[in-house]
Amino acid sequence: MDKIEAVIFNSERNDAKLQFLFAIGFPFFTVLALGIDSVFFTEHYFDGRQLTNVLCILYFAGFYFTSNSYLRKLMLVMLGLSYIGELLFCSLLGMYSYRTPAIPLYVPFGHAIVYVSGYVFANTEWSISKELYLRKYFLSFFALLFLSVALFLKDYFSLLLGILFFVLLKRKRWQNLYCFIAFCVIFIELVGTYFKCWTWVPNVFGVIPTSNPPMGAVFVYAGGDVLLAKIVGVWENKKKTV
C-alpha cells in the first residue's frame, strides 16, 4: 500500500524537459481534442465526445507522471475543484452550457491541463529571469484587453471580473504565474467556443452583458488557484507532521 501511495502521490520525479514538451503541446492538443468534440465534427462524422475524454485523460496522465509530488497534488486537487466549479457555474448558475446537457468527463482533466501548462511556463528559467520584463507587458495586455471588450463588445462582466483579477494580482504581489495561466485560459475559451463545445449566455444572471467567451473568465481560474494552493499547502503540512 505504501508503495502504491508513493507512486501516485510522493514520487520525486520531475522531468522538466518532458513537462515543457507537454506545455508546448497544450495549444495543439487543445485544438485537436476540442475539434473532435465540436458540433461540426459531430454533424459530419460522429460524436467524438468519448474520444476526447480518452485523449484528455491520457494527456493528463502524461503530465502527471513527469511531475514531482507537489505538482501531482496540485493536479489532483484541481480535478476536484474544477468539477465543483462546473456544478456551480454551469449547472447551478447557468453561466454557460455545453453542447450536451451533461458536463463532459474531459472538462475537469482539461482544467488541470490548463493550470499545469501555465504553471510550467511560469517556472521555466527564461520566465523567471525575465520576471519584471514580462510583468510589465502582462499587466498592460490584460488591462487593455478588459477595457477593450467592455468598450467594443459591451462585455461588462469581463470588465468586472478583470478588476477583481487585478485586485487578486496585487494581493499576490503581481506573480506572473496567474498571467501565464490566464493566457492558457483565454486560448482554451476561444477554441472551445469557436468549436461550439460550450457557449456562454449573453447576460450573466440575466443582467450583466457579456461576450462569448468572456475574457474575465481568467479571474475564476486565478481565484481557484488561491484555494488550490491553500488546500495543497495543508496537505503538505499534514504530511510533514505525520
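# Exercises on a predicted model

α8 passes α10 in a left-handed crossing (the near helix is turned anticlockwise from the far one by less than a right angle; clockwise would be right-handed). The model is predicted, so local features need pLDDT of at least 70 and side-chain atom pairs count only at pLDDT 80 or more, while totals for chains, interfaces and linings use all residues. Residues are numbered from 1 along each chain as its sequence is written, and side-chain values use heavy atoms, with hydrogens and water left out.

**Exercise 1.** Classify the packing of α8 against α10 by its angle.

*Solution.* Step 1: locate helix α8 at residues 131-153 and α10 at 176-194. Helices are DSSP runs of H or I with at least four residues, and strands are runs of E with at least two, numbered from the N terminus.
Step 1: take the angle, about 45°, and the distance between the axes, 10 Å. Axes are lines fitted to C-alpha atoms, for helices over the stretch in contact, and angles run from 0 to 180 degrees between N-to-C directions.
Step 2: compare with the cut-offs: under 35 degrees is roughly parallel, over 145 roughly antiparallel, 65 to 115 roughly perpendicular, and the rest oblique. The angle of about 45° therefore makes α8 oblique to α10.
Step 3: list residues that meet (contact means heavy atoms within 4.5 Å). Among them are F138, F141 and F142 in α8, and F180, A182 and F183 in α10.

**Exercise 2.** Describe the surroundings of N53: is this residue buried or exposed, and what does it contact?

*Solution.* Step 1: N53 lies in helix α4, residues 49-64.
Step 1: its relative accessible area is 5%, so N53 is buried (under 20%; exposed is over 50%, partly exposed in between, with a 1.4 Å probe and protein chains only).
Step 2: leaving aside neighbours within four places in sequence, N53 contacts P104, L105 and Y106.
Step 3: a polar atom of the N53 side chain lies 3.0 Å from the backbone nitrogen of Y106.

**Exercise 3.** Examine the backbone at R173, K196 and P213.

*Solution.* Step 1: R173, in the loop between α9 and α10, has a positive phi near 60°. With 71% relative accessible area, R173 is exposed.
Step 1: K196, in the loop between α10 and β2, has a positive phi near 65°. K196 is exposed at 52%.
Step 2: the peptide bond from N212 to P213 is cis, with omega near 10°. P213 is in the loop between β4 and α11.

Key
Polar contact = N/O pair within 3.5 Å; in protein donor to acceptor, adjacent residues only side chain to side chain.
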